[in-house]
Amino acid sequence: MSTLYERCQKVMSGVSGRATKLGVVDSDGAYLYTEDGRKVLDFASGVAVNNIGAKNEEVVDAIKAELDHMIHVGHNVVYYKSYVELAEKLVEKTGGDTKVYFSNSGAEANEGAIKLAKYYTKRPGIIAFKNSFHGRTIGCISITGSNSAYRKYYEPLIPGIYWADYCDAYHHPEGLESENGKLKCLAQFDEIFEKLIAPEMVAAIIVEPVQGEGGYIVPDKRFLEGLRQICDKHGILLIFDEIQTGIGRTGELYAYQTFGVKPDILTSAKALGGGIPLSAVIAKKEIMDAWPAGAHGGTFGGNPLACAAGLKTLEIIERDHLLDNCKKQGAYFIDKLHGLQKKYSCIGDVRGLGLMDAIEIVKEDGTPDPEKTAKIKELALEKDLLLLTCGSDHNVVRFIAPINVTAKEIDKCVEIIDSTLGSFN
């Protein structure tokens, strides 16, 4: 009998590629169950969607309960309870001085954030970062700098995008050196404003508070603080793309709270809907209030089922103290990964924040080793551990455990990685 992978190849476009050939028939917590009877530890979490595990029964029950009332009624037609309550909860959790707009995906949210920034400031320019990832729509690939394949054959893209270097202590430690009292990775903005675009023409700087697809790069806090100061000085809006970092991934609900640097606009998706497609643009009230009806829109944003799932997800995170668990288990995980780094020279760097963790795989001369990285992922899956890779050089193994992960599950992951790396010797 044909596998799900084999059947899919006959009917689906090749553009919908997969990280594995795994066929899955069920899920529970941190585990997936395959069509051939395997139980696989899932440290991909649906690419940071299943933050409280797959098929959480309470979330399932919340979705079922909402089904008794409505599936879709249209957020641009009527008001409904789960929609309003989730917006109220997000405003509460982001300081009480914000408002919310719901969409379906991270790319939609980032498109909305860029539109909002341009509409509010009446300025054309956007500054984005090399090695960033913001989505695959035309607007989002215009501000994505992690892989030319995302942009290939789609030129021309939207104009007015300017590029800056991200704060990356492992690959560019010189960026943390001081230049005229500024970090070098912040001093670059003086040159950007002098030679490329005047600051009064910049609508927004959009940044991932931790770079995701670019390699799980955790910046120095001073970098984000400096971006805030630059934006305040020049009337530029600061946008945090929290698609992957949000909903507890870094140990707080949003990474801006982890760093103590609040943006003007943040985007949230992935884990927000508890597994149902849902995203949000969350911005300061005065900015949102300047965005009139008709300036943006969409049909399915804030779907009742997604909002119900999102509410239950936030309830579980708060009730079960999962942010504390994320910090505790994240520190435990990083310590275990450092232990592996001492044992295996191919681990060039260990980095992470909360349960957004990674190891960078390098050759003996310190250059990226994408071939070994891919092999690690492949061999780990053979041992029933599902992982994903990332990085602009495709040499980073990332670990996206659910934020309710246990130390026992982390130990199992580390044991498999240890065994896998040991097989190369």
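User: Is K55 buried, exposed or partly exposed?
Analyst: This is a predicted model. In it, K55 has a relative accessible area of 36%. Buried means under 20% and exposed means over 50%, so K55 falls in between and counts as partly exposed.

User: Where does K55 lie?
Analyst: K55 is in the loop between helix 2 and helix 3, the latter covering 57-67. Its phi is positive, about 50 degrees, although K55 is not a glycine.

User: What about phi of A48?
Analyst: A48 has a positive phi too, near 65 degrees, and A48 is a residue other than glycine. A48 sits in helix 2, residues 45-48.

User: And is A48 buried or exposed?
Analyst: Buried: its relative accessibility is 1%, and the cut-off for buried is under 20%.

User: Moving on to helix 5. How many residues does it have, and how far does it reach?
Analyst: Helix 5 runs over residues 106-121, which is 16 residues. From first C-alpha to last it reaches 23 Å, close to the 22 Å expected at 1.5 Å a residue.

User: Which residues of helix 5 are buried?
Analyst: The buried ones are G106, A107, A109, N110, G112, A113, I114, L116, A117 and T121.

User: What comes just after helix 5?
Analyst: K122, with a positive phi of about 60 degrees.

User: Now helix packing. At what angle do helix 7 and helix 8 pack?
Analyst: About 30 degrees, with the axes 9 Å apart. Helix 7 is therefore roughly parallel to helix 8, since angles under 35 degrees count that way. Their crossing is right-handed.

User: Which residues meet there?
Analyst: From helix 7 (residues 184-195), C185, L186, F189 and F193. On the side of helix 8 (residues 221-234), they meet R222, F223, G226, L227, I230 and H234. By class, this contact has 7 nonpolar, 2 polar and 1 charged residues.

User: How do helix 13 and helix 14 pack?
Analyst: Helix 13 (residues 370-382) and helix 14 (residues 407-422) make an angle of about 125 degrees, and their axes are 9 Å apart. Helix 13 and helix 14 are therefore oblique to each other. Helix 13 passes helix 14 in a right-handed crossing.

User: Which residues make the contact?
Analyst: Helix 13 brings I376, L379 and A380, and helix 14 brings I416, I417, T420 and L421. By class that is 6 nonpolar, 1 polar and no charged residues.

User: Where is Q329, and is it buried or exposed?
Analyst: Q329 is in helix 12, residues 322-343. Q329 is buried, with a relative accessible area of 8%. Setting aside neighbours within four places in sequence, Q329 is in contact with L355, V405, T406, A407 and I410.

User: Last one. What is the relative accessible area of M356?
Analyst: 0%, so M356 is buried. Its place is in strand 14, residues 356-361.

User: What is M356 in contact with?
Analyst: Leaving out neighbours within four places in sequence, the contacts include V210, Q211, G212, Y216, Q244, T245 and F399.

User: How far apart are M356 and P199?
Analyst: They are 157 residues apart in sequence and 33 Å apart in space, C-alpha to C-alpha.

Conventions. Residues numbered from 1 in each chain as written. Predicted model: local features only at pLDDT ≥ 70, side-chain atom pairs only at ≥ 80, totals over all residues. Heavy atoms only, no water. Helix = DSSP H or I, 4+ residues; strand = E, 2+ residues; numbered from the N terminus. Expected span 1.5 Å × (residues − 1). Buried < 20%, exposed > 50% of the residue type's maximum accessible area, 1.4 Å probe, protein only. Axes fitted to C-alpha atoms, helices over the stretch in contact; angles between N-to-C directions. Parallel < 35°, antiparallel > 145°, perpendicular 65-115°, else oblique. Left-handed = near helix turned anticlockwise from the far one by under 90°. Contact = heavy atoms within 4.5 Å. Nonpolar A, V, L, I, M, F, W, Y, C, P; charged D, E, K, R; others polar.
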